[in-house]
Amino acid sequence: MPGKLKAKIVAGRHLPVMDRASDLTDAFVEVKFGNTTFKTDVYPKSLNPQWNSEWFKFEVDDEDLQDEPLQITVLDHDTYSANDAIGKVYIDIDPLLCSEAATVISGWLPIYDTIHGIRGEINVLVKVDLFNDLNRFRQSSCGVKFFCTTSIPRCYRAIMVHGFVEELVVNEDPEYQWIDRIRTPRASNEARQRLIFLMSGELQRKIGLKVLEMGGNAVVGYLQCFDLEGESGLVVRAIGTACTLEKISTFPATATYPSNSSPSKDMKEPGFGEETPGVPLSSGPPTPLRAQTFSSFSPSKSYSRQSSSSDTELSLTPKTGMGSGGSAGKEAGPLKALLRQQTQSALEQREYPFFTLTAFPPGFLLHVGGVVSARSVKLLDRIHNPDEPETRDAWWEEIRQEIKSHAKALGCHAVVGYSESTSICEEVCILSASGTAAILSSRFMQDGPLDAEHRFEEVVSPGCGFCHIPYDELNIPFPAQLTYCYCCRHYKVPDVLFTTIDLPTEANVTGKGCLIQARLCRTKKKAQGEGNATAISNLLPFLEYELHTQLMNKLKLRGMNALFGLRIQISVGETMLLGLASATGVYLTALPSPGGIQITGKTPSDITYEQHISNMQKKINDTITKNKELYEINPPEVVEEIIGSPIPEPCQRSRLFRSHSESSDEVSELDLSHGKKDAFVLEIDDTDAVEDIHALLTDFSIPAGFYSCNTEIMPGIQNWTSAIQMFTSVRVFRLNNANLTNQGLNKIFSDLCENLLKSLYFKLRSMVPCCLCHLNFTVAIPEDELIQVAVTAVAMSFDKEQSLENGKQSGEKTLIKAITDEQLQFNLELNAETSSSNPLSSPKGITMEKASPLPEGRSRSLRSNRSYSGSSVAVVKMTPLSFIPGAKIIRYLGIINMFFIRETTSLREEGGVSGFLHTFIAEVFAMVRAHVAALGGNAVVSYSMKECVFMENPNKNQAQCLINVSGDAVIFVRESELELTSVQPQSATTQTSNCGEGT
Amino acid sequence: MSVELDVFVGNTTIMDKEVYQLWLNGYTVNDAVKVRIEGGVMEECEASAEVLLSDTMDQYRTFQMCERLLHHPAKLANQLLFQIPPDRQAMLIERYYAFDDSFVREVLGKKLSKGTKKDLDDVSLKTGITLKSCRRQFDNFKRVFKVVEELKGPLVENIRQHFLLPDQLARDYAAIVFFANNRFETGKKKLLYLTFQDFAFCAGQLINNWTVGAVDNMMEDMDVDLDKEFLQDLKDLKILITDKDLLDQHKSLVCTALRGKTNVFNEMEANFKNLSRGLVNIAAKLINAKDVRDFFIDLVEKFIEPCRSDKWTSIDVNLYLTHYTNSAHILDTFKYYAVWTRTHLHAVVHLMNIRPDV
């Protein structure tokens, strides 16, 4: 009996009228946990009842505490007939089971009904008394902390990163049980909601047990998903990274900014906990395999260059770091190999050396190989024992093995930024997994202090170290061109890097980044069973290949050389496959400058055709030049010498394009300003290719003042204000014309995404200058002829005065000097501090005042309109990021993981599908905020909407929607308030290191 | 091929003031889009008509969802569905309850009944305000009326507290409620020169002086009704015109005071008895509900018009009434001092003040 749960029902408000005669309600409340139910008295004739109940006490096993939600039902008492349910509240009491999280749940929670939505609020108090249970064979895992955040949470430091944990539970879907034919939609929805709550609880408990077994105390990067398989069941699965975390109890009182040479110190630095996650990357064009599962690698080229230290870019790299990095690196060569082996063996002991983290403590991520991914098509109706998890476990195991072997092929022993997903259509299910092959430091993976030995690992310059190839130069798993690193010039780097992780904070980046998306739509024939699965399997490699080609082209078009946060989503429908790849493109200083794009025609004899080609070529070149200016990519010109014999470019075969490297002489004519790089060649051999190139060029340009990325942070922007706006936008597009070609579909799909983005920019225009961060697109094919796109992101404004540190050259054009004296002074002061500590900032503070991308007056005044979002009473901020600009997270209160179903049989009356979904999403937000507030929090970080399943039947006037959201409830304190309490001149430095500062 | 569903939900509810105003004005989505395009927002933000349409529809939907809450502004502050910063909430409420002077002039003093609501299409035609907007304004009047009708205490304060309106708007609503409750006739042709603000000023004066609440805030009764006792007392003022001595005495006192101070002294002197009779008769009849309704029309006919035909300026009227009031105090046998004071005739001047030349 190791736990006592206590609940008290205080009051209700805004209840709906349940008695038409009196326009009032006789409400009472049932409080249920497990099989025990308590009731309050009936509070007659009121819409604002004051029950003020006694404490209802449940004495339960902690196992149940973890699995079960507390279920509160508000009913209307009816003397003569059955009591009518008003609505329910499910309370996840998990946050109360952990001593460091919340201690009490208290507040107004929305009463939710799956048919009517929110119907008033109820004020409750919930507490838990836990007794210690030292039983070694216990089934519960109370006390293990869960975080959705995919980096080390801000007020903790990692002592140890244990590794991958996963679990999967299966149950019959209530919607498909026989009883569903006779029960009401409400009963069915509630059964489903409750079941998913139970399964999530069970899953979390089981994962917690695994963590305890590994000796950890927390799960970071916890990703839970559910698969609605239909007849075969309902699967809830989760993955995460087990860690041992230690709370940082004091504020950084004496901290100095960690120097680059000793990352281990950084770790103990209290300030570390709040640093923005740093991330390494890798690249990979998918190499399709024939089998049902296949995966992708990354190709690379490389160049070396001579140093010219007076260049801007170089001066950004701390000199000391570079120097020591170089020399120590050489000496440590053999030792390093040894150590790598050690680490490797440590990792190999693990079944899967996977990490769901996308950002890492300094010094943890050493090198990045590239993106690895695997997919597999399965038939759900072939599961022998659908109620048991074995089959699905086996499926995932297969995929994970595949990923592991791909990583190995890239010379890496670990996979970071790892995630898994599914797409289901009828009985076909595509399982996907992807991550970034990497080499990690053993520091967080072995017990015992190995500090001395580890010293040498740290010498790798943090700004470029992760770019250095992890694989053996002479034994590259794919054709690639290597150069010496443009930062340290000691190690080889690839020419392009694709990764699924966030941009490491310490990375040296030139200019700004931007969101890059590849979108693809492929028709397929309607088919059944095996034939369908085969058809899909056959299509997948082409889909991935083309997505990759698109990404590569768009990356080059922007003059960038690396992708971060790459996420490829493949969605299957009955007559088509959708592919959406999103990533954030950046120019990594360490990597060579990308060559241009050259188009060649197939029939060079035709003069008009040639003209056409050269026109297009000109357009492409113009676009590249324009983009370079836009994103402030001005790498210093350097004389290059190609080392060794360049390995021939990969000949990527495809129907549409052929890419191969040309020698620089051939291209020089066209390759105007892109250095003497090899150009990326697009061969136009049919009309499809023409259209593709056309599409490439007609990509909508971002309106002035906006930036976008799908990662946590945007390189080149540091001075965030506190104005943030999280939003979700959903669009469903109906294809009425069934006979669309692939090209036509592509265009529709691409326009859908572009138009959605355009709308977002327009909606958020008052926040300019601003950056849409963590733009997370999800696509689905809810039914034939429907395409659904959902986006969740956060818009954050920043002070543009300081934003363009690197924009010395391109900034000139857009300069606006309408800055008041005080502002200027302020900027300069701040900048002076910044430049000394932040490797990203320009050493010449004076350049900043010029670098405004936008007319000053307008943006200023617009933003001031919005600056309300300050500290009013019950405001709860939500953000998909792991931090809140200008604020410090002082406490994590627990994970928020909520699942809701909403159904209507009066769709028209509720404003049609848009009205219905609009209300529902607003309700979900409201419930998340209310639960966070009840936990005592004022924000949700790492928020995500993991599922939004929308089904409609307009003819029957019906619609149904399922939404699953998650995030971490936190308490944050404004940096400005902190400064008042702690007397330290430190804050400025801390701020800049955060990238998340508001001023 | 069509966008079937298109929603945008922000954690902080985004509301564009301009679109809100268009919505309040009863524009259809398409008309609103046209207005916005003409307003140049497209060039400013590099948007397309499509984007504008999507945004407008989305905003309209948000407003419709909020409308329920705006009917009970206090709920807006403690509802959980929309996270709206307080300053935005205030803006939403204020604009929702704002009304067009031309509209209110049409319904001022009318019973806020279904019948009146049915006639709103005529009002809409006449004023050029969309029917939708007319209905919203009418429903606002009715809602405020219903809530404060039964409440005790000061009218303006009640309105301000229940509807969270700014002071001036609360006063205007008090006037509307007061007029609707007493059914003052304001639509007659002779009264058309008066604006809503003119009436609102008078309403303020009447509320402050002629209601039960005016003498005693703690009283059971409320600000919306005229003080019956007072109206009863007004009958006693008749002595001012029926008693010939008193009338003459009053006249001589006023004339003495006015002599040399105005260009229209002769007309004042000649008309004194007429005017005084007019005023006192109006007062004496106020005990009948029917005559209360005609209060303003009577004032105009019996007092304002004679003055106007004699070319009095508003300064003249003011002067005249000041002395007319003050002199009564000195009258030997006039014992209705309290009642007299409370009549507060200066309000009448206002009827003259605004457009003395009409």
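## Close-up views of a predicted two-chain model

View 1. A:I182 is found in the loop between strand 10 (156–171) and helix 2 (185–214) of chain A; helices (H or I, at least four residues) and strands (E, at least two) are DSSP runs, numbered from the N terminus. This is a predicted model in which local features need pLDDT of at least 70 and side-chain atom pairs count only at pLDDT 80 or more, while totals for chains, interfaces and linings use all residues. Residues are numbered from 1 along each chain as its sequence is written, chains are lettered from A and ligands numbered from 1 in the order in which they are written, and side-chain values use heavy atoms, with hydrogens and water left out. With a relative accessibility of 64%, A:I182 is exposed (buried means under 20% relative accessible area, exposed over 50%, partly exposed in between; 1.4 Å probe, protein chains only).

**View 2. An edge-to-face pair in chain A.** The ring centres of A:F226 and A:F899 are 4.9 Å apart and the planes meet at 85°, so this pair is edge-to-face (rings of Phe, Tyr and Trp, its six-membered ring, pair if their centres lie within 6.5 Å; planes under 30 degrees apart count as stacked, over 60 as edge-to-face and the rest as tilted). Here distant parts of the chain are linked, since A:F226 belongs to strand 11 (residues 218–230) and A:F899 to strand 33 (residues 887–904), 673 residues apart.

**View 3. Aromatic rings in chain B.** B:Y96 and B:Y97 make an edge-to-face pair, 5.5 Å centre to centre with 75° between the planes. B:Y96 is buried at 1% relative accessibility, and B:Y97 is buried at 0%. Ring pairs join both tyrosines into a cluster whose members include B:Y20, B:W23, B:F63 and B:F99.

**View 4. Arginines over tyrosine rings.** B:R136 lies over the face of B:Y96, 5.6 Å from the ring centre (a charge sits over a ring if NZ of Lys or CZ of Arg is within 6 Å of the ring centre and within 35 degrees of the ring normal). Over the ring of B:Y193 sits the charged end of B:R308, 4.7 Å from the centre.

View 5. A:K763 is in helix 13 (residues 742–763) of chain A and is buried at 7% relative accessibility. Leaving aside residues up to four places away in sequence, A:K763 touches B:F8, B:I14, B:D55, B:D58 and B:Q59, where contact means heavy atoms within 4.5 Å.
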